[in-house]
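Visitor: I have a model open on my screen and would like to talk it through with you. Could we go over it piece by piece?

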Amino acid sequence: MSKIFTPYRLGPVELRNRTVRSAAFEAMCPGNRPSQELFDYHTSVARGGIGMTTVAYAAVCRSGVSFDTQLCLSDELIPELRKLTDAIHAEGAKASIQLGHCGNMTHRRTCGCMPMGASRGFNLYSPTFYRKMSRKDIDEVAAAFGNATRICIEAGFDAVEVHAGHGYLISQFLSPYTNHRRDEFGGSLENRMRFMKMCISEVVKAADGRIAVTAKLNTRDGFKGGQETDELIEVAKELRRLGVDAITLSGGFVSRAPMYVMRGQFPVPIFVHYFPWSQWWLKLGVALAGKIVSPTVPFKHLFFLEDARKFREAMPDYPFIYVGGVTTRQDAETVMEEGFPLFQMGRAVLEDPEFVNKMAADENHCSKCEHSNFCIGRMYSRSMQCHKKCVDITPRLERIVERINRQNEKQERKLGYRK
């Protein structure tokens, strides 16, 4: 039997195999609460053989909400979330949930207050100004991470993943690009880690060994002036010291290098099609400057592997979780051979929730996801769906997807990423 399909113990939790559904934002929580679509999707992934499925990007408090379709944790949602975790468990999988705070990546109409971040500034995407967090704000948000962990335990989750990457709030404190503070939370790396340490300490304390605690961390921010690998390795060492059971190694910054996170083209025409006319300035702005603001970063198999290796070399006895471009059984085997005990997948199990079962049955199995990023274009204003299963796709959108796929294939062949 391949190592992929052997059990693995993550903190206090045993997974049936080494596969994890990554915390790719589903946009399936209208009104900031779980929907039937969220329930159906995660149970289908569990039924498809995944070891653990992760509910994405749950805000720990109201000020951390960046989307109207994003889960915002509260006690009143515990029964609904328990229904979801029970269904996942009934299919033999474990249930994880990602805890996060968007920081400056929101708007007053969404989060209910003036957005805040490590430093003050202007969010081009909303667009809106945001303020610098006070010490009171910092204490309250750190405590909210602990309270959210308690909610998740009561709701039956087996693990929480603290989002410390991608340019959201913890990452905004870590990165010199967004942290310009001159107090004890800014300047040196030790100071820039202080807010993260407060949040993680609250989570580990609330978890109390009952559930696994993981974190998502960048391997690098993905642009000049952002945080680089050498510093982030030191951050990983601190997360280990704080009691984090495993770290998912990702990369990119949603406000500066979004396609470094996901790879491929930013699907401008799909984004423009789905975004509501009530926010016409965003439709216009993306149509005119989308490809400039979010330049293409070509997709290739295992695109974070080179940077992830550096973390494995620096901390060889620590369980890092690999994510990024696992789309074939061979990709998964390579990750195992490289010494990563677990790996995450997003688009592969969105395109086909049965991907893990099919991979187990066929050593040559390959995802049919073509990385058009249609799903990403939808998720800003609709639920995240693959174009092959989208309920409201039009012939025009299908032609756009076909054109993007041809462009991607041509570029990937030119770069040697595709045979």
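Visitor: Leaving aside its neighbours within four places in sequence, which residues is Tyr 322 in contact with?

Guide: Bearing in mind that this is a predicted model, Tyr 322 is in contact with Leu 302, Phe 303, Phe 304, Leu 305, Ala 308, Val 335, Phe 340, Leu 342, Phe 343 and Gln 344, once its neighbours within four places in sequence are left aside.

Visitor: And in the largest nonpolar core, which residues touch the most other members?

Guide: That core has 122 residues, and those touching the most other members are Leu 73, Ile 97, Tyr 322 and Phe 343. Helix H4, residues 135–154, gives the most to this core, contributing nine residues.

Visitor: What lies apart from it?

Guide: Another core, of eleven residues, lies apart from the largest one, and its members include Tyr 8, Val 13, Met 52 and Ile 321.

Visitor: Switching to the strands, what do they form, and in which order do they run?

Guide: Eight strands form a closed barrel with parallel pairing, in the order S3-S4-S5-S9-S10-S11-S12-S13, and the twist from one strand to the next averages 30°.

Visitor: Take S9 and S10, then: how many bridges do they pair over?

Guide: Strand S9 (residues 159–163) pairs with strand S10 (residues 212–218) over five bridges, in the parallel sense, and Ala 159 stands opposite Ala 212 in S10.

Visitor: Which strands does helix H13 touch?

Guide: Helix H13 (residues 329–337) packs on the sheet, where it touches strand S12 (320–323) and strand S13 (342–345), and its direction makes about 145° with that of S13.

Conventions
Residues are numbered from 1 along each chain as its sequence is written. This is a predicted model: local features need pLDDT of at least 70, side-chain atom pairs count only at pLDDT 80 or more; totals for chains, interfaces and linings use all residues. Side-chain values use heavy atoms; hydrogens and water are left out. Two strands pair if DSSP finds at least two bridges between them. Helices (H or I, at least four residues) and strands (E, at least two) are DSSP runs, numbered from the N terminus. Axes are lines fitted to C-alpha atoms, for helices over the stretch in contact, and angles run from 0 to 180 degrees between N-to-C directions. Contact means heavy atoms within 4.5 Å. A nonpolar core is a set of buried Ala, Val, Leu, Ile, Met, Phe, Trp, Tyr and Cys residues joined through side-chain atoms within 4.5 Å. Buried means under 20% relative accessible area, exposed over 50%, partly exposed in between (1.4 Å probe, protein chains only).
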